[in-house]
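Hi,

Here is the structure I said I would pass on.

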Amino acid sequence: MKNRPVHIRWVNALPRRHLLPLDTTVHWAFRHTRHTIERDGVPAVIHLHGGHNDPGSDGHPDAWYTATGVHGPRYAGDRFCYGNTQQAATLWYHDHTLGLTRLSVYAGLAGFYFLRDWHELSLMKRNHLPQGPYECELLLQDRMFSPDGRLAYPDVPAPAADWPGGPSIQPEVFGQVLLVNGKAWPYLEVEPRQYRLRLLNGSNSRFFRLSFGGSWPIPVTQIGTEGGFLPRPLPLDKPLLLSPGERVDLVADFRHHGGSRFTLTNDAPTPFPGGAPAAPPADQVLQFRVSRPLDERVPEPELPSRLRAAPVSLTSEPARTRRLLLFEIEDQYGRTKPQLGTVEKGVLAWSDPVTENPTVDTAEVWEIFNTTADNHPIHLHLVRFSVLGRATFTADQDPRTGALSRIHLGGNRPPDPTEQGPKDTVQAPPGQVTRIRAYFDKRGLYPWHCHMLEHEDHEMMRNFHVGRRGRR
Ligand code: C2O
Ligand code: CU
Ligand code: CU
């Protein structure tokens, strides 16, 4: 519930062995230390994604700790306070340990965290939203399994002459088995009525493009984004694209369809958008079976015409505009390494000094120039932002650093209607600049990163620092 703080002690009781193959050549928790997983246990730290928390409760990648009490340079204890000061939203928590996030999330360390507020409760009280058993959370993930049924993750070495041995991180990982809430080949038995479906793409790298076989044969209405409600209900008229880390709040209307079945399908290429077309079985997500009798005692809700009082907009003028860069380099073993950076400086490593340093209680516009071939879901901690739009661009690019000059911008395209709510993760398509506006209202150091976990773990992640007024 909003404004009711939650205090959590996250206990690390993980064993002295990781379930999945580790790459010790990327930046990771125990790098440049004498610790080993065999001796000290698996390091972990939980981040509440979408949370509006102080830095000590954010779950920074360097705030990891082990069962034996070993911890990272930004460790701030194992007690976390979640203030819950923002509006009703679909949050989730997951491991965020430096260089291990892809493995520990894949192994299962992820879950939902729903926040309610009085506004949402009043919508529910006036029967404007499906509720109780008619509100369902759906966590979408793709996985691989070995023939004996165990969870599998690629453990191949890098094809490099000087490779030191051991498994290598992959540019992306796509499982062919789609899971919903941890179940393979899932189905959901529903009544012929409206259901509120709260979707999260919790995959490592996979985008989903969702529909019922290419269209929406029954009414499906979007009511929210990551950080809360859309201004008004949005009936979907095209497949819905959901990138890793993104959430969407839907109402599906199964009325008058007793006895029917609807299969939620996926036709997003991997990687998105230029990769291989979605192939069976990864083209089927979840089957809805309208097989339950209608419980006549429960009145059918009616969606309101407006979901929030005012459109999401920030009153203050942005204090500045930053131009940020997505660019791909090769690491020392010749592996593709997508990176963040700035337009002026080019790519910057996780360990390079902070360049994004907003002043507390100011708004900023971030323009994310994507010069790679992939769409990258960009996530900022601490804030909810609005998507201002996108534009194509051409520029001269330094082939080594990626720095851009002589940029020519196309006209601004407004955000997709499905993005017009509070967001914390945004799709940055290739060849385009994606513009967002955020209001930074807590001081301290927070990460921003690509939410494809293989990218994040291979350093497509930087810190931003929100500083005091009068200091830059
Ligand atoms: Cu969902 Cu920094 O993460
Ligand atoms: Cu986050
Ligand atoms: Cu990425």
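Below are my notes on the copper sites, a sheet and the cavities.

Some ground rules: this is a predicted model, where local features need pLDDT of at least 70 and side-chain atom pairs count only at pLDDT 80 or more, while totals for chains, interfaces and linings use all residues. Residues are numbered from 1 along each chain as its sequence is written, chains are lettered from A and ligands numbered from 1 in the order in which they are written, and side-chain values use heavy atoms, with hydrogens and water left out.

Copper first. His-47 (NE2) and His-379 (NE2) coordinate the copper ion (ligand 2) at 1.9 Å. Donors here are N, O and S atoms within 2.8 Å of the metal (3.2 Å for Na, K and Ca), and since water is not among the atoms, sites may look incomplete. His-47 sits in strand E2 (residues 46-49) and His-379 in strand E23 (residues 376-380), so this pair ties together parts that are 332 residues apart in sequence. Strands (E, at least two residues) are DSSP runs, as are helices (H or I, at least four), and both are numbered from the N terminus. Both histidines, His-47 and His-379, are buried, meaning under 20% relative accessible area, with exposed being over 50% and partly exposed in between (1.4 Å probe, protein chains only).

The copper ion (ligand 3) has His-376 (ND1), Cys-450 (SG) and His-455 (ND1) around it, at 2.0 to 2.1 Å. Along the chain, its donors follow the spacing H-x73-C-x4-H. His-376 in strand E23 and Cys-450 in strand E28 (residues 444-450) are 74 residues apart, so to speak a link between distant parts of the chain. His-376 and Cys-450 are buried too.E23 and E28 also turn up in an open sheet of four strands, ordered E26-E23-E28-E29 with antiparallel pairing. Two strands pair if DSSP finds at least two bridges between them. Strand E26 (425-428) and strand E29 (461-466) are at the edges with a single partner strand each, so one side of each has no neighbour in the sheet. E23 and E26 pair over four bridges in the antiparallel sense, and Pro-377 has Gln-427 in E26 as its bridge partner.

Now the cavities. Searching the whole structure gives five of 30 Å³ or more. On a 1 Å grid over the protein atoms alone, a cavity is a set of points where a 1.4 Å probe fits but cannot get out, and lining residues have an atom within 4 Å of a point. Grid points are joined across faces, edges and corners, and a volume is the space filled by probe spheres set on the points.

The largest cavity has a volume of about 70 Å³. Its lining includes Leu-138, Phe-212, Trp-216 and Phe-288, and by class the lining has 11 nonpolar, no polar and no charged residues. Ala, Val, Leu, Ile, Met, Phe, Trp, Tyr, Cys and Pro count as nonpolar, Asp, Glu, Lys and Arg as charged, and the others, Gly among them, as polar. Strand E11 (194-201) and strand E16 (247-253) each supply at least two residues of this lining. E11 and E16 pair in the antiparallel sense over seven bridges, with Leu-197 opposite Leu-250 in E16. In E16, seven of its seven residues are buried.

The second largest cavity has a volume of about 50 Å³. The residues lining it divide into three nonpolar, four polar and four charged, among them Glu-120, Arg-196, Arg-198 and Asp-249.

Cheers

Note on methods:
1 Å grid on protein atoms, 1.4 Å probe; cavity = no way out; pocket = protein on both sides within 12 Å on 5 of 7 lines; lining within 4 Å.
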